[in-house]
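Open the structure in your viewer and keep the selection panel at hand. The stops below say what to select and what is there.

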Amino acid sequence: MAISPKKRALALVVVLIVAGAVAYYFLSRNHAPEKTVTIYGNIDIRQVQAAFDDNGRLLGLRVQEGDRVKKGQLLADLDPVRFQDAVDKDAAGMAAQEQVLARLLSGSRPEEIAEARAEAAAAQATLSNAEITWQRQQSLAAEQYVPKQSLDNAAAALKTARANLDHAQQALTLAIKGPRKEDIAAARQQLQADKAGLSLARRELTDTRLYAPEDGVVQDRILEPGDMVSPQTPVFTLALDNPVWVRAYLPEKALGQVRLGMKATIDSDSFPGKSFSGWVGFISPTAEFTPKTVQTTELRTELVYRVRVYACNPQHRLRLGMPVTVHIPLIDNQPQKLSAHPCGN
């Protein structure tokens, strides 16, 4: 049975309409804006090499590998004997200097001033007697009743008595005025130096105890009791696993769509059906690979930028090196202003 030209034309029109609809569907889907950026990476964490601030012999370790520790928890301690001795020595030196300063501030005691006055009075009496003796010897020598040597001796005694009186009077003046202000200031500065030395000794004694700087888990126990330690020799390696971050790479064509603070979700094959909330915390300002001098559009799209997507990890499910998939929604995902410790550390 032959098909009429009219029906054949109608069928052709239908086929063209269907083909156009299919083509429009695929074209619109290919040019539709992306709703999510998906990137891939691995979990990374920070580490702390916990070490003492001074040299010494390791006395004891309080934690083992795998132990979870809290910020401020005691991890290890050094033998404190020589550090305690240094504290005791500096404390005694400071106490002695405090007494020196107190004595200077108190000035001369009344008894010291009275003693200086008595010595001045005695020097005055000695001078009066020396003057009388010299006058007598002078009269006798004029009549040639005594040798000239006696007159010379009397003159020397008079000169000595006058010098002794001047010395005693100066000593009385110093006793009344008290210590010099320069001596008091020097004593004060020495006391401050002694206090600083004592504070340092106490700080060094405190540093014989090693505390955890942050919450984390003991990854490595490097030394054992009895080992000699130094600031350059860590005792433990601590893994700070909350928060963690995903080390991933962002394609160049998605760079303009992702901004710091945008929310993200993290999926892991270790926890099927479980997504972890996160946020974009770092985007590298430079491409990972050095671009060529002349690039086509296709080559530019192959450039990638390193990113960090942070995630709180209170149950410690996300572990170092774990491969994960990160989804960053682009619709209604405004960058958030995050606090310094968004995970409550």
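**A tour by selection**

Start with Ser-230: apart from neighbours within four places in sequence, Ser-230 is in contact with Ala-51, Phe-52, Asp-54 and Asn-55, contact meaning heavy atoms within 4.5 Å. Ser-230 sits in the loop between β7 (228–229) and β8; helices (H or I, at least four residues) and strands (E, at least two) are DSSP runs, numbered from the N terminus. Ser-230 counts as buried because its relative accessibility is 14%; buried means under 20% relative accessible area, exposed over 50%, and partly exposed in between (1.4 Å probe, protein chains only).

This is a predicted model, in which local features need pLDDT of at least 70, side-chain atom pairs count only at pLDDT 80 or more, and totals for chains, interfaces and linings use all residues. Residues are numbered from 1 along each chain as its sequence is written, and side-chain values use heavy atoms, with hydrogens and water left out.

Next, select strand β8, where Pro-243 is found. The peptide bond from Asn-242 to Pro-243 is cis, with omega near 5°. Then go to His-316, in the loop between β11 and β12; its phi is positive, near 60°, and the residue is not glycine. Most residues other than glycine have a negative phi, and most peptide bonds are trans.

Now select Val-37, Ile-39, Val-246, Val-258, Ile-266, Val-326 and Ile-328. Of the 27 residues in the largest nonpolar core, these touch the most other members. Such a core is a set of buried Ala, Val, Leu, Ile, Met, Phe, Trp, Tyr and Cys residues joined through side-chain atoms within 4.5 Å. Elements giving two or more residues to this core include β1 (36–50), β9 (263–268) and β12 (323–329), while β8 gives the most, with five residues. A second, separate core of 17 residues includes Val-69, Leu-75, Ala-212 and Phe-236.

Move to helix α2 (residues 81–106). Its 26 residues should span 38 Å at 1.5 Å a residue, and its end C-alpha atoms are 38 Å apart, which agrees; the expected span is 1.5 Å times one less than the number of residues. Among its buried residues are Phe-83, Val-87 and Met-94, and what covers the buried residues of α2 includes α5 (181–206). Gly-107 follows α2, with a positive phi near 75°.

Finish with helices α3 (residues 110–142) and α4 (residues 148–177), whose axes come within 8 Å and cross at roughly 165°. That makes α3 roughly antiparallel to α4, a term for angles over 145 degrees.

Key:
Axes fitted to C-alpha atoms, helices over the stretch in contact; angles between N-to-C directions. Parallel < 35°, antiparallel > 145°, perpendicular 65-115°, else oblique.
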